[in-house]
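Please look at the sequence and the structure first.

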Amino acid sequence: MDYTLVPSPMGEVLLAGRQGALCRLIFMESASGKPTIPDEWRRNDETFTEAIFQLDGYFEGRRRRFSIDLFPEGSEFQRQVWAALLRIPYGHTRTYGNVARRLGREGAARAIGAASGANPLPILIPCHRVVAADGIGGYTGGESLKRRLLALEGIQA
């Protein structure tokens with residue numbers, strides 16, 4: 001897998017992909033500590049020019065949607081949840097329960113939360129837009145980062 005490291009207002013981000021499709025976006029300064037880059041991955045900065053351009057546009061408030069080829073690896077259920085997250089509009093949120101109902105899985109809010117937490121492409125697949133019924137909910141990069149992303153989109157959490 002190819003990768004690059006990119007500075008962003010949310011901290012350093014690792015982008016990884018293969019054959020022109022993004023597979024991973026990793027916050028290098030996440031709440032759980034600095035991730036390790038697998039030895040078999042190779043650095044290739046040129047591969048990610050368009051993804052970097054689009055992410056910069058998002059962070060600068062000029063872009064609300066991404067048009068990058070994404071290839072998130074996960075179970076069928078996870079991919080269904082991630083597809084549902086892609087339908088949450090910029091500047092809006094949904095609760096875990098709401099996403100479960102939209103997928104016809106009443107009562108599966110915890111499973112939706114687990115699938116959202118396993119999202120390998122945060123920001124690009126906007127899991128930060130899914131919140132708990134009684135609060136902000138969890139986030140891969142930590143609660144503070146989730147609040148910053150929501151604030152960037154004009155959402156007070």
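This is a predicted model: local features need pLDDT of at least 70, side-chain atom pairs count only at pLDDT 80 or more; totals for chains, interfaces and linings use all residues.

How many residue pairs are in polar contact between domain 1 and domain 2, counting pairs with both residues at pLDDT 80 or more? The count is four.

**Domain layout**
- The domain assignment places domain 1 at residues 2-60 of the protein chain and domain 2 at residues 76-153.
- A distance of 20 Å separates the C-alpha centres of domain 1 and domain 2.

**Extent of the interface**
- The contact involves twelve residues of domain 1 and 16 residues of domain 2.
- Between them, domain 1 and domain 2 bury about 1,300 Å², and carbon and sulfur atoms account for 73% of that area.
- Of the area that domain 1 buries against domain 2, 51% comes from Met10, Phe27 and Tyr58, which is more than any other three residues supply.

**Polar and charged interactions**

**The domain 1 side**
- Two or more residues of the side of domain 1 that touches domain 2 come from each of β3 (21-27) and α1 (49-59).
- With five residues, β3 gives the most to this side of domain 1.
- By residue class, the side of domain 1 that touches domain 2 has ten nonpolar residues, one polar residue and one charged residue.

Notes:
Residues are numbered from 1 along each chain as its sequence is written. Side-chain values use heavy atoms; hydrogens and water are left out. Domain bounds come from an automatic or database domain assignment. Contact means heavy atoms within 4.5 Å. Buried area is the accessible area (1.4 Å probe) that two parts lose on being put together, summed over both. A polar contact is a pair of N or O atoms within 3.5 Å; within protein, one must be able to donate a hydrogen and the other to accept it, and residues adjacent in sequence count only if both atoms are side-chain atoms. Helices (H or I, at least four residues) and strands (E, at least two) are DSSP runs, numbered from the N terminus. Ala, Val, Leu, Ile, Met, Phe, Trp, Tyr, Cys and Pro count as nonpolar, Asp, Glu, Lys and Arg as charged, and the others, Gly among them, as polar.
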